Amino acid sequence: MRNPLPIIFNNWLWKLVALGLAIIIFASVRRTISYRQTLTLTVEAETVEGDQALTGFEPGVVTVTFRGSESAIRKLALAGSEGPHLRVKLRKAPNDTSTMQVKLSRSDVECESGLRVVSIEPNIVEASFDTSETRSIDVAEPIVNGMPDNVSALVEIEPKSVEITGSRMLLDELEAAQTQLATALLDVSGRSEGFSTVLKVLPPDNRGGWTLKPDTVQAKVRFVREDIEKTFKKVPVRLFQSAKNLHYASETETVEVKVQGARRDLLAIDPTSVFVLV
């Protein structure tokens, strides 16, 4: 058997160059067939520490261009999918000024794997600050998703208000509008018995800089059957003839019937199939 090593190492330099060219061509082809998508994202921020609170950014939105595979780009357009976020990591507000310029970087964009940030325009925004204050704001009743048929959900939350720290100016706006803080959706899909769960309290907006204490509430859910009353008009009367030689006759041919019961069951009844048997 011939030794293959001389064949492998013969003209090894040219073979190495060919391998390098193949890698470059492969990378160029992958770059060519990648897809792009541009989205408008709101500039958000993490909690800012210090005596001042963040009031917002100017501009408040920027355009971000992504590159990725066809499936990754297609997922960006799916309704209801969790989209990318642009969150600036401001650790501490300046004490001697009410504004500061912030440079946005690709690492500020949170997105799914398979996507790369190509550009952010504009990549410099101005952050505004105001005196920080803490106030108490009520939490709204959770929005219920996946409600079972024939029942309604009674929800009790605890605590009913939370402490929110943020810009004094923005807190004044919230109080003037009598704003209540929303929670995450309360999903009761597949439930038929009462239960308890923990829901996250959401900040009033995405301008950032808000601190909520506590940032969750305990929700107790109780189900109550939803009954209705339905009236069937002109229901035919039928007589049960028990004796062979006797024939009974009704004085009225139709009657009006009122029935109470579960909404779904009553609405499913075909009025033409209803009759009274005497």
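A salt bridge is a side-chain nitrogen of Lys or Arg within 4 Å of a carboxyl oxygen of Asp or Glu. The model is predicted: local features need pLDDT of at least 70 and side-chain atom pairs count only at pLDDT 80 or more, whereas totals for chains, interfaces and linings use all residues. Residues are numbered from 1 along each chain as its sequence is written, and side-chain values use heavy atoms, with hydrogens and water left out.

Q: What makes the pair Glu112 and Lys75 a salt bridge?
A: The N to O distance between the two side chains is 3.3 Å. The criterion is within 4 Å, therefore the pair qualifies as a salt bridge. Glu112 lies in the loop between strand S6 (109-110) and strand S7 (115-121), while Lys75 is in helix H3 (residues 70-76), so that the pair links distant parts of the chain, 37 residues apart. Helices (H or I, at least four residues) and strands (E, at least two) are DSSP runs, numbered from the N terminus.

Q: Why is Lys75 called partly exposed?
A: Buried means under 20% relative accessible area, exposed over 50%, and partly exposed in between (1.4 Å probe, protein chains only). Lys75 has 40% relative accessibility and therefore counts as partly exposed.

Q: How do you know whether Ile143 is buried or exposed?
A: Ile143 has 59% relative accessibility, which is over 50%, so Ile143 counts as exposed. Ile143 lies in the loop between strand S8 (124-138) and strand S9 (144-145). Leaving aside neighbours within four places in sequence, Ile143 is in contact (heavy atoms within 4.5 Å) with Leu185 and Leu186.

Q: How do you know that strand S16 and S17 pair?
A: Two strands pair if DSSP finds at least two bridges between them. Strand S16 (residues 227-238) and S17 have 8 bridges in the antiparallel sense, so they meet the criterion. In this pairing, Asp227 stands opposite Ala262 in S17.
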